[in-house]
Amino acid sequence: MQPIDRSAIVVRRPSLDLSGEIPRYWNGGDPFATHFLNALSSVFPDGEAFFVRSVQRYRDRIDDPQLRETIRSFAAQEGQHSAQHDRHVRMLLDQGYPGIGRRNALIRRLTRWSVEWMPRHSLAGTAALEHLTALLARKLLESPERWTGQMDPRMARLWQWHALEEAEHKAVAFDVLAQVAPSYPLRVFALVSNTLGLFLEILDRTVYMLWKDGILFRRDVWASGLRFLFGREGLLRGASADYRAWYRRDFHPDDANDAALIAAWRPRVEARVA
Ligand SMILES: [Fe+2]
Ligand SMILES: [Fe+2]
């Protein structure tokens, strides 16, 4: 396989159609599977703005011109992700989940505070969360039918485009962290704490939306939720080796070579959204 050319992180300005009548349960008609991904999507606008601020704060400490250039492309890609997922958040607000907007306002304040006062932890947290998005992206790009086959096609395009770009820029935050704060304990702490934090945040938002729908205590909803997360075809099944790779001292995001996946998906995504 060809090595990835990091100078070719492509900044796209997609036109995605999220305005039409997207069904409330757009992921296979399944409330849990839909709300879990609604919850994940709803943390992206402020989460990814946090990533950008965390990395850009250290831009002046980077001498390598290629890495400086990838920071710029990374910021531009994440800016587009924030904007497109923000449209999804507005759809959720219109559907009657105002708590998502309140929660995002709180997250916005906390993350701004974190970049200001805990910049090293913010950068390490960004690199760790980028490890999680790269891992999810790889799974989606490897098995699009399993991941997006049941989705409304408009939502499938959103997730496929985002997955491609997460794979393209997966090493940027890590490379900046490796230059400015190459501490192994910091890296380990960042992934442990952010994995737990992100999972609880998403679960909390999922529970809220199921509660608003009046189906929080339905057994079949949770049975299907457990299958969606941990079942044979589940979201988290088969992810543990990729996840644990982070804890190797000599780990680098490019150890998992996504070049072939990226090459296969670029024309497909660009024909459909960019
Ligand atoms: Fe992103
Ligand atoms: Fe990212």
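The legends below describe close-up views of a predicted model.

**View 1. Helix 3 and its buried face.** Helix 3, formed by residues 98-117, has 20 residues and reaches 29 Å from its first C-alpha to its last, which is close to the 28 Å expected at 1.5 Å a residue. Its buried residues are Ile100, Asn104 and Val115. Viewed down the axis of helix 3, these buried residues fall within an arc of 40 degrees, so they line one face of the helix. In general, an α-helix has 3.6 residues a turn, so residues three or four places apart point the same way.

View 2. On the face of helix 3 that is turned away from its buried side lie the exposed residues Pro98, Arg102, Ala105, Leu106, Arg109, Leu110, Trp113, Glu116 and Trp117.

**View 3. The crossing of helix 1 and helix 9.** The axes of helix 1 and helix 9, the latter spanning residues 219-230, come within 8 Å and cross at roughly 60 degrees, and that makes helix 1 oblique to helix 9. On the side of helix 1 the contact is made by Pro31, Phe32, Ala33 and Phe36, and on the side of helix 9 by Val221, Ser224, Gly225 and Phe228. Sorted by class, the contact of helix 1 with helix 9 has six nonpolar and two polar residues, and no charged residues.

**View 4. Helix 6 within the structure.** Helix 6, made of residues 153-168, has 16 residues and reaches 23 Å from its first C-alpha to its last, close to the 22 Å expected at 1.5 Å a residue. Twelve of the 16 residues of helix 6 are buried, so this helix is largely enclosed by the rest of the structure. The buried residues of helix 6 are Met155, Leu158, Trp159, Gln160, Trp161, His162, Ala163, Leu164, Glu165, Glu166, Ala167 and Glu168. What covers them includes helix 2 and helix 4, as well as helix 5 (144-148) and helix 11 (259-272).

**View 5. Tyr243 and its separation from Trp161.** Tyr243 has its place in helix 10, which comprises residues 240-244. With 14 other C-beta atoms within 10 Å, Tyr243 is partly exposed, whereas Trp161 is among the buried residues of helix 6. From C-alpha to C-alpha, Tyr243 and Trp161 are 22 Å apart in space, and in sequence they are 82 residues apart.

Technical notes: Residues numbered from 1 in each chain as written. Chains lettered and ligands numbered in written order. Predicted model: local features only at pLDDT ≥ 70, side-chain atom pairs only at ≥ 80, totals over all residues. Helix = DSSP H or I, 4+ residues; strand = E, 2+ residues; numbered from the N terminus. Expected span 1.5 Å × (residues − 1). Buried ≥ 20, exposed ≤ 12 C-beta atoms within 10 Å, placed from the backbone. Arc of directions from axis to C-beta. Axes fitted to C-alpha atoms, helices over the stretch in contact; angles between N-to-C directions. Parallel < 35°, antiparallel > 145°, perpendicular 65-115°, else oblique. Contact = placed C-beta atoms within 7 Å. Nonpolar A, V, L, I, M, F, W, Y, C, P; charged D, E, K, R; others polar.
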